[in-house]
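Please look over the model below.

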Amino acid sequence: MTFSRRTLLGAAAAAPIVAGAAGEASAASSRLFRESFDFALKRLRQVAPNVTSFPEETKFEKWTYVNSGGWVGGFWPGMHWLAFLDSGDEQFKKWAVESALRLSPRRTDTSIHDLGFLFYPSWVTGYRITGDVSWRDGAVQAASSLIQRYNDKGRFIRAWGALGTPTNAGRAIMDTMMNLDLLTFASEQTGESRFLDVAVAHAETTRVKFIRPDGSTPHVFDFNPDTGEDIGPNTNQGYSPTSCWSRGQAWGIYGFTTMYRRSRKREFLDAARKLADFALDALTPDHIPVWDYRSPLAPNDVKDSSAGAIMACGLLDLAAASGRLSYRVAGLRILDALCRTCLTTRAEKHEAILARGTRNRRIETGIEVSLPYGDYYLMEALLRVLKPRELGRAIGLS
């Protein structure tokens, strides 16, 4: 199954040609991508000196913060590692180190599943860029905390709620696919197979329970936590249990491609392709995902640029993993659209890079805002094109 001819024709009509026959970005798009990353560097240099906590979302163009890091704390140091990787500017390295170290207390946090989001862009990338083993050791410690949330009856990592508490004890979510690479990193570094085994088991459960025949997914799947038996699909941030939250779909594309890289299990590559084909067929001609592909107002509901940035990263990686050029072309088109229509370049006082994000449309919070994960994955996607070898070494693609 591939994405439809309608999508390809719509893409060609709505956007400039962004890739040639070999899948390379056109000269115009390459310039746009370079200018967009330079804008990101400029914006970070302007804003970072006054940031002493972790950006969570913008309000009236200014960052609001979560002092503990919440689930988003890894993206701010992650942005600075990527900025340092591109520019070589030691100031970015200094900011990355300072902000990453503020996450130190979270290494032993067993109350959340988000430790991959917290420690992969910050500590794992820090280790790969600097070789400082303290980053590696801290990331492995965080993986040891995350693995405690594994439910062996249902073969899933519990998403929410402190261990030992009944609320949400049987709840698994699509987002966790992005936290599994912290476990594969720990397995690689320690030689302990238990980390990889849990990551593979959770990915396999997600593949079997979440993916519908058409390639769409719910945000949530509930299990009986005591027996592991199915309760069924549900949602937290999507429109409904039967809808398809676009950021969750993007987490799945990226996460399943990563798990194929780590395990070489063909079914994970097939899963990534199935999710990608559905999402690409659901895209509107502007190439920016609507917040939920099955919202009653879709395709005219509010957009989520962060879903687009994550999806662009996933598609570029999926193209490399599958050998299918069409995914690279689609990823470049999304990235081109984000750079042309979603940057904050005209808002001089804005503190973020990427506008038009949606945090949680379902409960009417964080709509048409900027989000740190939107900024981070935009920068990652740009470096996948501009400096693929360097980026690959930094985030473990090579």
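Glutamate 390 sits in helix 14. This is a predicted model. Glutamate 390 has 30% relative accessibility, so it counts as partly exposed. Lysine 62 lies 328 residues away in sequence, and the two C-alpha atoms are 31 Å apart in space.

Leucine 397 belongs to the segment after helix 14 (388-395). Its relative accessibility is 22%, so leucine 397 also counts as partly exposed. What does leucine 397 touch, leaving aside its neighbours within four places in sequence? The contacts are Arg261, Asp317, Arg384, Leu391 and Gly392. Leucine 82 is 315 residues away from leucine 397 along the chain, with 14 Å between their C-alpha atoms.

**Salt bridges**

Side chains of opposite charge can pair when their charged atoms come close. How many salt bridges does a search of the whole structure find? The search finds 24. Three of them are tabulated here.

| Glutamate 56 | Arginine 359 | 3.1 Å |

Take the salt bridge between glutamate 56 and arginine 359. Glutamate 56 is in strand 1 (residues 55-59), and arginine 359 is in strand 8 (residues 357-360), so this pair ties together parts that are 303 residues apart in sequence. Arginine 359 has 26% relative accessibility and counts as partly exposed.

Arginine 136 is partly exposed, at 23% relative accessibility. Aspartate 137 is partly exposed too, with a relative accessible area of 40%.

**Helix packing**

Two packed helices are described by the angle between their axes and the distance between the axes.

Start with helix 12 (residues 325-341) and helix 13 (residues 372-386). Their axes are 11 Å apart, and the packing angle is about 125°. Helix 12 and helix 13 are therefore oblique to each other. Their crossing is left-handed. Which residues make the contact? Helix 12 supplies Leu332, Leu335, Leu338 and Cys339, while helix 13 supplies Leu378, Ala381, Leu382 and Val385. By class, this contact of helix 12 with helix 13 has 8 nonpolar residues, no polar ones and no charged ones.

Now helix 10 (residues 266-282) and helix 11 (residues 305-322). Their axes come within 11 Å and cross at roughly 130°. On the helix 10 side, the contact is made by Leu269, Ala272, Arg273, Ala276, Ala279 and Leu280. On the helix 11 side, Met311, Leu315, Leu318, Ala321 and Ser322 take part. By class, the contact of helix 10 with helix 11 has 9 nonpolar, 1 polar and 1 charged residues.

Conventions. Residues numbered from 1 in each chain as written. Predicted model: local features only at pLDDT ≥ 70, side-chain atom pairs only at ≥ 80, totals over all residues. Heavy atoms only, no water. Axes fitted to C-alpha atoms, helices over the stretch in contact; angles between N-to-C directions. Helix = DSSP H or I, 4+ residues; strand = E, 2+ residues; numbered from the N terminus. Parallel < 35°, antiparallel > 145°, perpendicular 65-115°, else oblique. Left-handed = near helix turned anticlockwise from the far one by under 90°. Contact = heavy atoms within 4.5 Å. Nonpolar A, V, L, I, M, F, W, Y, C, P; charged D, E, K, R; others polar. Salt bridge = Lys/Arg side-chain N within 4 Å of Asp/Glu carboxyl O. Buried < 20%, exposed > 50% of the residue type's maximum accessible area, 1.4 Å probe, protein only.
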